[in-house]
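Student: Hi! Could we go through this structure together? I have some quick questions.

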Amino acid sequence: MTEIPETPILDRAHQLRGYRMNKMAMGLSRPEGRAAFLADERAYLDRFDLTEEEITAVMSRDWRTMIGLGGNLFLILKISAVDPVRITEIGAHQVGMDHESFLRDRLGKKE
Amino acid sequence: MATIVGGLGTSHVPSIGAALDKGLRDTPEWKPFFDGYLPAREWVREQRPDVAVVVFNDHFNALFLDRVPTFAVGCAAEYHPVDEGWGPRAIPPFAGAADFSWHLVDHLVENRFDPEIIQEIRVDHGLQVPMELFWGRPADAWPVKVVPIFVNVLQYPIPLPIRLYELGQALGRAIESYDGDERFVVLGTGGLSHQLQGSRAGFLNPAADRRFLVDIAENPAELASWSRQKYVETFGGEGAEVIMWLVMRGALTPEVVVRHRHYFSPASMTGAGMIVLENA
């Protein structure tokens with residue numbers, strides 16, 4: 001596979017780069033992980049040997065950076081189970097559009 | 001001998017399950033989508049399949065990146081819904097067809113496919129949503145047993161499209177050689193066009209989706225010959241998972257009859273397609 005513009009895929013480099021962040025997100029699949037994240041997010045993140053850059057990206061809900069650092073959408077989406085955000089908002093954030101324009105211009109939704 | 005009553009293709013977007021959970025089925029946004037499945041539900045009622053072989057992928061819910069099987073076959077007696085972050089969904093567990101699963105694993109290995117053999121696993125929206133779309137959500141038990149086939153379509157290298165088509169051909173022969181009188185239906189799930197990651201997020205390709213819904217019936221060998229790259233370019237980073245429909249198609253005869261076809265875009269961020277095929 002050669003690179004496809006604007007299209008991150010989970011290849012070797014992304015897998016290795018994002019492994020710790022993805023493992024952190026996988027922990028949110030369990031009620032104990034979600035409770036720990038909610039109780040003290042920073043302490044929860046500290047369990048996973050993340051870099052400061054990764055911690056900042058997660059804590060500021062910077063989806064574009066999380067994915068740029070190797071986070072996989074299906075995994076980091078679990079953050080939205082503890083801190084609700086719509087998947088279309090995550091999409092809009094990555095594109096750099098406001099939500100309404102994203103729905104209209106990318107997804108062709110009227111209203 | 002067992003028989004194949006047909007093949008079903010469908011998207012498996014998690015928002016579909018969430019829409020049902022929140023009682024949004026008949027809202028203006030969702031009603032046209034769900035109504036498109038009514039003829040398929042009628043077909044399923046008439047065909048009364050005993051076993052559904054469901055080809056799908058786990059989305060890092062039951063499986064993580066620590067171990068990534070390219071192909072895996074569920075051989076369990078039962079599959080419970082997995083916790084995807086919001087707690088397991090309130091739907092009944094799926095009964096397995098373990099005897100067939102073991103027959104399938106034997107048959108695949110003898111035909112040089114070597115799947116991981118899974119005895120205990122939970123299933124995510126990739127299996128749940130297609131079952132709810134074609135069977136409706138039952139009060140206490142599903143009227144059909146399931147055999148999950150897990151395909152890695154997330155961690156590259158993902159398998160080649162041609163390989164999935166050939167897996168389907170082997171699956172079809174496994175069903176036809178199974179000593180039983182069960183009626184089988186094969187589900188290919190995922191797609192159609194969507195992209196959730198990167199600055200191309202929100203990419204949709206309805207023209208290609210509609211073409212795919214024709215070609216999967218009429219020109220499957222051509223679709224099987226595409227590169228993975230071409231799938232990602234045409235259907236988006238996450239939409240490339242539509243290659244799992246090739247397993248379903250490969251299990252059918254070269255000529256098929258299209259009983260029903262439906263397209264709706266977008267369901268959440270995805271071009272949502274459905275097809276009902278029978279052997280000609």
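Student: Where does B:Pro266 lie?

Tutor: B:Pro266 is part of strand β9 of chain B, residues 256-267. Helices (H or I, at least four residues) and strands (E, at least two) are DSSP runs, numbered from the N terminus. This is a predicted model, where local features need pLDDT of at least 70, side-chain atom pairs count only at pLDDT 80 or more, and totals for chains, interfaces and linings use all residues. Residues are numbered from 1 along each chain as its sequence is written, chains are lettered from A and ligands numbered from 1 in the order in which they are written, and side-chain values use heavy atoms, with hydrogens and water left out.

Student: Thanks! Is the peptide bond from B:Ser265 to B:Pro266 cis or trans?

Tutor: That bond is cis, with omega near -5°. The bond from B:Tyr156 to B:Pro157 is cis too, with omega near 5°. Most peptide bonds are trans.

Student: And where is B:Pro157?

Tutor: Look in the loop of chain B between β7 (145-151) and α6 (161-176).

Student: What about B:Arg48, is its phi positive or negative?

Tutor: Positive: phi of B:Arg48 is near 45°, and this residue is not a glycine. B:Arg48 sits in the loop between α3 (38-47) and β2 (51-56) of chain B. Most residues other than glycine have a negative phi.

Student: New topic! How many residues does each chain bring to the contact?

Tutor: Chain A brings 39 residues and chain B brings 34 residues. Contact means heavy atoms within 4.5 Å. Together the two chains bury about 3,300 Å², with 61% of that on carbon and sulfur atoms. Buried area is the accessible area (1.4 Å probe) that two parts lose on being put together, summed over both.

Student: How many salt bridges are there between chain B and chain A?

Tutor: The count is two. A salt bridge is a side-chain nitrogen of Lys or Arg within 4 Å of a carboxyl oxygen of Asp or Glu. A:Arg34 and B:Asp83 form a salt bridge through their side chains, at 2.8 Å from N to O.

Student: Which helix gives the most to chain B's side of the contact with chain A?

Tutor: Helix α9 of chain B (residues 228-235) does, with four residues. By class, that side of chain B has 13 nonpolar, 13 polar and eight charged residues. Here Ala, Val, Leu, Ile, Met, Phe, Trp, Tyr, Cys and Pro count as nonpolar, Asp, Glu, Lys and Arg as charged, and the others, Gly among them, as polar.

Student: What is B:Arg228 in contact with?

Tutor: B:Arg228 belongs to helix α9 of chain B. Leaving aside neighbours within four places in sequence, B:Arg228 touches A:Met1, along with B:Pro157, B:Ile158, B:Pro159, B:Leu160 and B:Pro161.

Student: Let's do pockets. What volume does the largest pocket have?

Tutor: About 1,300 Å³. On a 1 Å grid over the protein atoms alone, a pocket is an open set of points where a 1.4 Å probe fits, with protein on both sides within 12 Å along at least five of seven lines; lining residues have an atom within 4 Å of a point. Grid points are joined across faces, edges and corners, and a volume is the space filled by probe spheres set on the points.

Student: Which residues are closest to the centre of the largest pocket?

Tutor: Of the 47 lining residues, those are A:Ile87, B:Ser15, B:Ala18, B:Lys22 and B:Ser268. α1(B) gives the most to the lining, with six residues.

Student: How about the second largest pocket, how many residues line it?

Tutor: It has 17 lining residues, and A:Met26, A:Gly27, A:Ser29, A:Arg30 and B:Asn61 lie nearest the centre. The volume of the second largest pocket is about 310 Å³.

Student: Last one: how many helices and strands does chain A have?

Tutor: Chain A has nine helices and zero strands.
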